[in-house]
Every structure is written in C-alpha cells, then in structure tokens.
Amino acid sequence: MSRQTTVIILDAMGLDDPTPEQLSAVRVIEHTWHSALITWLSGRASIAQVKIDIETVCRLIDLTDPDRGERDTRGGA
C-alpha cells in the first residue's frame, strides 16, 4: 500500500525524480493520510478535521522545494 500511496503523492506533486527531502515529506504525508483515514473511519474525527490535517501536512511539499530558497531571496513566495 505504501508504494501505491507514494506513487499517487509523487504524481500529484509532479515529481519524477524527488530529492531525499521530498521523499521524507511524502512519507510524513502518507503517515498523516493513513492516520487521518483511520481516525475518520472510527468516528473520532470529522471529515473537516481530516481535510485540515491533510492540507497542513501537504505544506511540507513547499518546504522541500529545492528552488524555495532562491525564490525567497528574490522576494517570491
């Protein structure tokens, strides 16, 4: 299952050759995704909370962008 989830996330990220940092972010996203799914299915979290959790963890993708530092020094987001 983890391999399939990795492929789905990398495809969504548009990455063919991810860096080690990006693969680490993908693993954290996978763990959060699976945990949130189980929590929602068991009735311990609302779908709204699951959405917030997934959106939050997906921000890790931006933090692992190798060009991020260059954009930040140019005044970009």
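A search of the whole structure finds 1 salt bridge, a term used here for a side-chain nitrogen of Lys or Arg within 4 Å of a carboxyl oxygen of Asp or Glu. The structure is a predicted model, in which local features need pLDDT of at least 70 and side-chain atom pairs count only at pLDDT 80 or more, while totals for chains, interfaces and linings use all residues. Residues are numbered from 1 along each chain as its sequence is written, and side-chain values use heavy atoms, with hydrogens and water left out.

The salt bridge joins the side chains of E55 and K51, with an N to O distance of 2.8 Å. E55 and K51 are 4 residues apart in helix α3, so about one helical turn separates them. Helices here are DSSP runs (H or I, at least four residues), numbered from the N terminus. E55 is partly exposed at 38% relative accessibility, where buried means under 20% relative accessible area, exposed over 50%, and partly exposed in between (1.4 Å probe, protein chains only).

Helix α3 (residues 47-58) also packs with α2, at an angle of about 175° and with the axes 10 Å apart; axes are lines fitted to C-alpha atoms over the stretch in contact, and angles run from 0 to 180 degrees between N-to-C directions. The two helices are therefore roughly antiparallel, a label given to angles over 145 degrees. On the α2 side, the contact (heavy atoms within 4.5 Å) is made by V28, I29, T32, W33, A36 and W40. From α3 come I47, V50, D53, I54, V57 and C58. I47 and A36 are 11 residues apart in sequence, with 9.0 Å between their C-alpha atoms.

I47, in helix α3, is exposed, with a relative accessible area of 53%. Together with I8, W33, L37, W40 and L41, I47 makes a nonpolar surface patch of about 600 Å². Such patches are made of residues with over 30% relative accessible area and no salt bridge, nonpolar side chains (Val, Leu, Ile, Met, Phe, Trp, Tyr) being joined within 5 Å; accessible areas come from the Shrake-Rupley method with a 1.4 Å probe. Helix α2 (residues 20-41) gives the largest share of the patch, 4 residues. L37 lies in this helix and is partly exposed, at 37% relative accessible area.

Elsewhere, T64 sits in the loop between α4 (60-63) and α5 (68-73). T64 is buried, with a relative accessible area of 14%. Leaving aside neighbours within four places in sequence, T64 is in contact with T19, E21, Q22 and A25.

Key. Patch = residues over 30% accessible without salt bridge, like charges linked within 9 Å, V, L, I, M, F, W, Y side chains within 5 Å. Parallel < 35°, antiparallel > 145°, perpendicular 65-115°, else oblique.
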